[in-house]
Amino acid sequence: HETFTGGWGSYLLTMTIISHLQHHPGQGPDHTKAETNLGALLIDYLHLYGLRFNMERIGISVRDGGSFFQKRSQGWADATRPFLLSVEDPKNPASDLARNSFNVRNVQRAFEGAYFSLAVPAATGNTETLLGSILQWDSRWDSAFAEHRLRMYKARQPNPGRGPGSSSGGPGGG
């Protein structure tokens, strides 16, 4: 997926990874020490950008710790190509790094396919995933991630109705 074919270049990919890391809890099951579980980070990234991220409404900024914004508020909502991803250039905030990623749907499908290949058990009756056969998962991370998301949600509640499911909340955009 090269930029000249409307895909994502390395800089754009790097910005989405940075954004993902900025919003990911990155803590172990007991919340006392930072742990890096690369398998979980990969799966969560593929899930977010392959299945959940609302590219029609939400844009990404990695400045000042990272945030999501309404594309319309930046003037980046393109009625002729609403499906485009929008990523603010941290060196030039007026510039949308992804404005020419017209094949973003192919990138999204590739991430979705990778997610299902790695994270969803095959239809063979085996409950283990491909990634799970390589990496060991500690189920306590599930609750740690959920607790972290709840803390993030509560911290972003200065205005009633602005949560991850609202139109100006998290990456799903409501």
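Mentor: D78 and R81 form a salt bridge, with 3.6 Å between the closest N and O atoms; the term requires a side-chain nitrogen of Lys or Arg within 4 Å of a carboxyl oxygen of Asp or Glu. D78 is partly exposed at a relative accessible area of 26%, and R81 is partly exposed as well, at 28% (buried is under 20%, exposed over 50%, partly exposed in between, with a 1.4 Å probe and protein chains only). This is a predicted model, in which local features need pLDDT of at least 70 and side-chain atom pairs count only at pLDDT 80 or more, while totals for chains, interfaces and linings use all residues. Residues are numbered from 1 along each chain as its sequence is written, and side-chain values use heavy atoms, with hydrogens and water left out.

The structure holds 2 salt bridges. E88 pairs with R63, and here the closest N and O atoms are 2.7 Å apart. That pair links distant parts of the chain, 25 residues apart: E88 belongs to strand β3 (residues 88-89), and R63 to the loop between β1 (58-61) and β2 (67-70). E88 counts as buried because its relative accessible area is 5%, whereas R63, at 34%, is partly exposed.

Helices (H or I, at least four residues) and strands (E, at least two) are DSSP runs, numbered from the N terminus. H20 has a relative accessibility of 7%, so it is buried. Its side chain makes two kinds of approach to backbone atoms. The backbone oxygen of L41 is 3.3 Å from the side chain of H20, and a polar side-chain atom of H20 lies 3.4 Å from the backbone nitrogen of Y45. Beyond four places in sequence, H20 is in contact (heavy atoms within 4.5 Å) with L41, D44, Y45, L48 and Y49.

Helix α2 covers residues 38-52. The 15 residues of α2 reach 20 Å from first C-alpha to last, close to the expected 21 Å (1.5 Å times one less than the number of residues).

For the setting, the protein chain has 6 helices and 4 strands, in the order α-α-β-β-α-β-β-α-α-α. Of its 174 residues, 39% count as buried.

Methods. Polar contact = N/O pair within 3.5 Å; in protein donor to acceptor, adjacent residues only side chain to side chain.
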